[in-house]
Amino acid sequence: MSKVLEIRWHGRGGQGAKTASLLLADAAFNTGKYIQGFPEYGPERMGAPITAYNRISDTPITVHSNIYEPDYVVVVDETLIGSVDVTAGLKEDGGIVINTSKSPAEVAPKLKGYAGKICTIDAKEISEACLGKNFPNTPMLAAIVKVANVMDPGEFIKDMEDSFAHKFASKPQVIEGNMNALKRSMEEVKGL
Amino acid sequence: MAKRDRLSGNEAVAVAMRQINPDVVAAFPITPSTEVPQYFASFVSDGQVDTEFVPVESEHSAMSACIGAQAAGGRTMTATSANGLALMWEMLYIAASSRLPITLAAVNRALSGPINIHNDHSDTMGARDSGWIQIYGESNQEAYDNFIQAVRIGEHPDVMLPVMDCFDGFITSHAVENIELMDDADVKAFVGEYDPEYYLNNASHPVAVGPLDLPPHYFEHKRQQAQAMMNAKKVILEVADEFYKLTGRKYGLFEEYKMDDAEIAMVVLNSTAGTAKYVVDELRANGVKAGLIKVRVFRPFPVDEICEALKNVKAVAVMDKADSFNAAGGPLFTEVTSALYKNAGTVNVINYIYGLGGRDVKTDELKSVYTKLEEIAKTGKVDSVYNYLGVRE
């Protein structure tokens, strides 16, 4: 069986976790991988917990179930910890990336004894500094690429630049902020 | 040159629609198929197609508009799901009996109630006797490929029947995956022009479509309709062969996965087939002779071919993502066991109803089905035919 990288995203409706999972799928696709990016649709409303998933592989992926034993978990909103079992099934040779101003040691006690890698990134602060608003998904995307070693960081940055140039063709003024958010996040993620 | 891309199932079908550039698309939005007409509407407004897009006020009207346009001589398409398909019901039969090869992207979703927007096959299974050809697909790639082939199949002079391209709501419609897209020019050449023998906008040969058909002729028309469905099987294979030569992607009436020496097998539709293939690979790695049949063409049903494909298998599980409430088994089970009648007594068959209303289908659960089949193959005993998988009870 070939190795498939499986990632689960936890966020709240409106924070862009689904979009981030699709951007990650895009970036991996552009490096020649087979990808899946899909959300688990619940009662869709702003603020409700949502889950999204990624599978990334060198060979075609046929499994179409949700992911129950992810290699990595991304928590876009730290207030979900406690009400959502974010480490459920998470592999101990993988890791979790949490959007928080706290250090990995400070959040560890809330993770039910999870023994794998715990990483934190202050995505809110980075987003507010670079974009003027709290859009945590862009920095979280960069953090998971770094933590899970999804692809070469330089290649990722280059790919995202092209992707944003296309996505924000009508508002190029936001491209620089988004790129800065990605770069800062890759440098500032703690617990590697 | 084919293009490597990554798209959701809905996007892929909308792209196929753009490449086909039909005369008329009439649609009404319903989750999870909404994106198909939504993407297509943007192709219309961007001038990428010259289709007449008719944003109707209901699905009944969508199918009615398709019927009118197709009867006039146009190539016509739509998309819907669940209750939208249910609201089309009356008109589905009229499209089929009027021999109008409309193409419908049927994005499978549970038919209410209770109200649910997620995937199962209760919508299209309910329409299985409406006279439409039904083709099911595992992935965005198959949804796209089947949609393009559907046009050729339905419009063939020996067939002239409408076709549903069925694929799983959300699981396929909303998941972004890799896909190989055909060149626009290749799709255009493959589907060709719609050139019906009879149509309303033909002043030199006036016809009536849909008039009262009383006892002297109605039965003959239904007999011809049944013949068209019988003819469709050959045409589906011919179109698949031509498609294979063009794209290298092979399609049949069903896909046999590791069936050559299989002793136990699962028969399944759509995206779950992919998940089950992963389970088959795992079992094979452990020396278990497991196989899988993914039914692609449900209408017409490949009766003889399924019977042949399962003749050496000791135990079979037929998986239904819809219940038929006959207190005996789901619709696919009923078809498969009927097909096996010729080999009655030699193959043990059980049924599982699974995944209703979007209940996720896990690899472990599918593995438990194969474990049950191993037990049946070994003992030759079936303790329960009609079963449920992944339900709390």
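Across the interface of chain B and chain A there is 1 salt bridge by the rule used (a side-chain nitrogen of Lys or Arg within 4 Å of a carboxyl oxygen of Asp or Glu). This is a predicted model, in which local features need pLDDT of at least 70 and side-chain atom pairs count only at pLDDT 80 or more, while totals for chains, interfaces and linings use all residues. Residues are numbered from 1 along each chain as its sequence is written, chains are lettered from A in the order in which they are written, and side-chain values use heavy atoms, with hydrogens and water left out.

- The salt bridge joins A:Asp26 to B:Arg6, with 2.6 Å between the closest N and O atoms.

**The chain B side**
- Strand 1 (3–7), strand 8 (176–181) and helix 9 (272–285) of chain B each supply at least two residues that touch chain A (DSSP runs, helices being H or I of at least four residues and strands E of at least two, numbered from the N terminus).
- Helix 9 of chain B gives the largest share, 6 residues.

**Extent**
- In contact are 23 residues of chain B and 20 residues of chain A (heavy atoms within 4.5 Å).

**Strand pairing**
- Strand 2 (residues 34–40) of chain A pairs with strand 8 of chain B in the antiparallel sense over 2 bridges (pairing requires at least two DSSP bridges).
- A:Gly37 lies opposite B:Val176 of strand 8.
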